[in-house]
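Subject: Handover of a structure and findings

Dear colleague,

Please find below the structure that I am handing over to you. My findings follow it.

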Amino acid sequence: MSNSRDIDLSALQNMPSKTKRQWRFLAETDSTNAEIARMLSDHPAEQGLIVLADSQTDGKGRLGRTWHSAPRTGVYISTLIRPNLPPEQLPILTLMAGLATVIAVNGFTSNHAQLKWPNDILLNEKKIAGILCEYYPKNIPAVIIGIGINVNQTQFPTDIKEIATSLKLETGKE
């Protein structure tokens, strides 16, 4: 995903869906989750929102950690949902997003990715993807689900190189 020409937003926007949704592609953002959070108060309650970015300068991870999000190397996506669930049942969303991500990753590798609760996707015992769900209870309650998948990285920063991997490193394919 080198730039917005690689994604046909009109095809995504026109995909059949039970709910209306808006798609946004950004070459760069601080965080796809933060991008949606900034739009929450003005976004129509009946409409979903999906933000994809080619890179994030301040990708968010659980417990305040950062997510390494260099250009042209991964999938960085967040979606806004307004589930009709009580707050104590919201952790199921992280599990559902994690399982969906495992299925997606497994579609590209013969090795099986695994979900490490609550939000890590591991492939060959290294982190290949992560999930971050954030709950916004004000006005009309909302959840932002962020997913980062390492796709084309060939190297990682020193502090995570022993624990991170990508589809390219695992399969040799872009």
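Two strands are said to pair if DSSP finds at least two bridges between them. Helices (H or I, at least four residues) and strands (E, at least two) are DSSP runs, numbered from the N terminus. The model is a predicted one, in which local features need pLDDT of at least 70 and side-chain atom pairs count only at pLDDT 80 or more, while totals for chains, interfaces and linings use all residues. Residues are numbered from 1 along each chain as its sequence is written, and side-chain values use heavy atoms, with hydrogens and water left out.

Strand β6 (residues 114-116) and β7 run antiparallel and are joined by three bridges. Within this pair, Lys116 stands opposite Asp120 of β7, and the hairpin that joins β6 to β7 passes through three residues. Strand β7 (residues 120-123) also pairs with strand β8 (residues 126-136), again in the antiparallel sense, over four bridges. Here Leu123 has Lys126 of β8 as its bridge partner. The hairpin of β7 and β8 has two residues between the strands, and Asn124 in that hairpin takes a positive phi near 55°.

In what follows, buried means under 20% relative accessible area, exposed means over 50%, and partly exposed lies in between (1.4 Å probe, protein chains only). From β7, Asp120 and Leu122 point one way and Ile121 and Leu123 the other way; all are buried.

Strands β1 and β2

Strand β1 (residues 20-26) pairs with strand β2 (residues 47-53) in the parallel sense, over seven bridges. Between these strands the chain passes through helix α2 (residues 32-39), and this β-α-β crossover is right-handed; that is, with the strands pointing away from the viewer, the path from the first strand over the helix to the second runs clockwise. Lys20 has Gln47 in β2 as its bridge partner.

Salt bridges

A salt bridge is a side-chain nitrogen of Lys or Arg within 4 Å of a carboxyl oxygen of Asp or Glu. The whole structure contains four of them. One joins Arg24 and Glu35 at 3.3 Å, N to O. Because Arg24 lies in strand β1 and Glu35 in helix α2, this pair ties together parts that are 11 residues apart in sequence. Glu35 also forms a salt bridge with Arg38, the closest N and O atoms being 2.8 Å apart. These two residues are three apart in helix α2, so about one helical turn separates them. Arg24, Asp30, Glu35 and Arg38 are linked in a network of salt bridges. Elsewhere, Asp120 forms a salt bridge with Lys127, with 2.7 Å between the closest N and O atoms. Asp120 is buried, at a relative accessible area of 15%, whereas Lys127 is partly exposed, at 23%.

Ile144

Ile144 is located in strand β9 (residues 142-150). Its relative accessibility is 0%, so Ile144 counts as buried. Ile144 and Ile36 are 108 residues apart in sequence, yet 7.4 Å apart in space, C-alpha to C-alpha. Contact means heavy atoms within 4.5 Å. Not counting residues up to four places away in sequence, Ile144 touches several residues, among them Asn33, Ile36, Leu80 and Leu132.

The whole chain

The chain has four helices and nine strands. Of its 174 residues, 41% count as buried. Among contacts with a separation of 6 or more, 56% are between residues 24 or more positions apart.

Yours sincerely
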